[in-house]
Amino acid sequence: MSSLEVVWSDLVRHRQDFADFHLRKAFAEDPARFDRYSAQMDECLTLDYSRNYVNDKTLLLLENLLLQAGVAERFQDMKSGVAINNTENRSVLHIALRGSVSDDLQVNGQMVAADINAVKNRLYAFAEGVRDGSIAASDGKPFTDVVNIGIGGSDLGPHMVTRALAAFHDGPNVHFVSNVDGAHMGDTLKLLDPARTLFLVASKTFTTQETMTNARAAKAWLVSALGDDAVGAHFAALSTNKEGVEGFGISSERMFEFWDWVGGRYSVWSAIGLPVMIAIGPDGFEDFLAGANAMDEHFGTAPFRENIPMLLAALGLWYRNVWSCSSMAVLPYDQRLEYFSAFLQQLDMESNGKRVRRDGSDILRATGPVIWGAAGTNGQHAFYQELHQGHDIIPCEFMVAANPTDADTGQHELLLSNCFAQVEALAMGRTEEEARAQLLASGKSEDAAALLAPHKVFPGNRPSSLLFYDQLTPKMLGRLIALYEQKVFVQGVVWGINSYDQWGVELGKELANKLAPAVKSAERGEGDPAILDRLKAYRMV
Ligand code: F6P
């Protein structure tokens, strides 16, 4: 048995130590539990993981798990440009975009930092130009609206970040269109004036069906209003595919490149971040990068018990593989992080939702859980019922800021108190005696109290962690995203996964491209009899 498997067996055995464990009891027995099981970074970000199934032995075993899996060595490989994305023979260097690799690193004979800086200078000049009106529409007047056309990593990252940093916006309005459903583009264009609108076509490959279809629709809309000559001024591209961009009719001066060592879901730090740069300006974007860089530094240097990404990753592995928890909720008490869980779904599930190891052999244990969630307090009025009283245990990660980013509306204490109340309720629960006593105190009869009490029992002992940060600034958001990127990295290393490819999305794409012409001809009552029959059965033709 490998040393890693030995630690897994130790962890499975260690679960038995929790047979009588209840968080209520754990806190009663150890009032210093929070101090023991919390970690801090830069005095502005705290991870409180005291409401988890952990004791000192758990942490020792989990630390050993990461050690035996070689997490530190694999991070060194990443930083040195080793092609850790082995199925595509690519380095994985999104961390270089935030200055977390050495300045003289070369990949395929290219100086990584120099290439990044050259493109970044062009991006910042373009963003500033759009913001101050020196890069103008075809009539010489400033743009008021920017539409990012992209999907997956070319949409979710910049969309989530742009929304999250709304308090820092001082540029034109930024919109996002991703879905091939024509309603998405249609509804967006309805609000816009073609003469005032700049389109950014964001696609690493510049071949993605949805993005190219939407880009063509946007071009047709613009040309029908302003003529062919306006395209040059009203379009720019963010891509690795120069030929594709030029073929679409966007000149290379309007193309901002990135590199095959930036995965789509890790690309918000690259040219794909242009909508963010336009919304908050290059200085704000630099702060965003600096926050991520600080998290990389923390991840690479902090000891395990102070290392926030490692702790969250380790807890996730513990719940997924030893406690068989198949889903995990991320619950930001921050309305501006309303797209955070959608962003994390791609980051985590496209990275670690895999069933073979890097060498193609089967992974014999469960891998990436289902990641889901919504902003609090809204979620409380939707799915928290199940978190508190449902059958399954769903570990939760709560997030909340000490201070709001806008002038205080007097409502922030309510947000904070709701968040604190939920973590407390999940952990402590309410016993049947407490429920009955409460009912009697409210004037219910003995019989009525006995009948209702079981429904008002909260088992408690539901694990959760809390990320508490001072304020949702660009720098803090950079820290938080990099934290989750590193969490995913650690889990991928322990499971032996290549977290940086995504073959699982290919089959559906291939079939959709094959089916599109057949569906079109079937709609006309012609073509492939199988499709025709299917559409007939659905009463479509
Ligand atoms: O759906 C898979 C995927 O390849 C993602 O990984 C990627 O973020 C998205 O499609 C968009 O790809 P592109 O940027 O090449 O258009």
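Tutor: Domain bounds come from an automatic or database domain assignment. The model here is predicted. Its protein chain is divided into domain 1 (3–69 + 302–428 + 463–501), domain 2 (97–281) and domain 3 (505–540). Taken over C-alpha atoms, the centres of domain 1 and domain 3 are separated by 43 Å.

Student: How many helices and strands does the protein chain have?

Tutor: The secondary structure comes to 21 helices and 13 strands. The radius of gyration is 26 Å, close to the 24 Å that the globule rule gives for 541 residues, so the protein chain is as compact as a globular protein of that length. Along the principal axes, its C-alpha trace spans about 80 × 60 × 60 Å. As for cover, 52% of the 541 residues count as buried.

Student: How many residues of α19 are buried?

Tutor: Buried means under 20% relative accessible area. In α19, 21 of the 22 residues are buried, and the helix is mostly covered. Helix α19 takes in residues 474–495 and reaches 32 Å from its first C-alpha to its last, close to the 32 Å expected at 1.5 Å a residue. After α19 comes Gly496, with a positive phi near 80 degrees.

Student: Which residues make the nonpolar surface patch of about 270 Å²?

Tutor: An α-helix has 3.6 residues a turn, so residues three or four places apart point the same way. The patch is made by Leu507, Leu511 and Leu515. Leu515 is found in helix α20, residues 506–523. With a relative accessible area of 35%, Leu515 is partly exposed.

Definitions and conventions
Residues are numbered from 1 along each chain as its sequence is written. This is a predicted model: local features need pLDDT of at least 70, side-chain atom pairs count only at pLDDT 80 or more; totals for chains, interfaces and linings use all residues. Side-chain values use heavy atoms; hydrogens and water are left out. Patches are made of residues with over 30% relative accessible area and no salt bridge: like charges are joined within 9 Å, nonpolar side chains (Val, Leu, Ile, Met, Phe, Trp, Tyr) within 5 Å. Accessible areas come from the Shrake-Rupley method with a 1.4 Å probe; for residues, only the protein chains shown count as cover. A salt bridge is a side-chain nitrogen of Lys or Arg within 4 Å of a carboxyl oxygen of Asp or Glu. Helices (H or I, at least four residues) and strands (E, at least two) are DSSP runs, numbered from the N terminus. Buried means under 20% relative accessible area, exposed over 50%, partly exposed in between (1.4 Å probe, protein chains only). The expected span of a helix is 1.5 Å times one less than its number of residues. The radius of gyration is taken over C-alpha atoms; the globule rule is 2.2 Å times the number of residues to the power 0.38.
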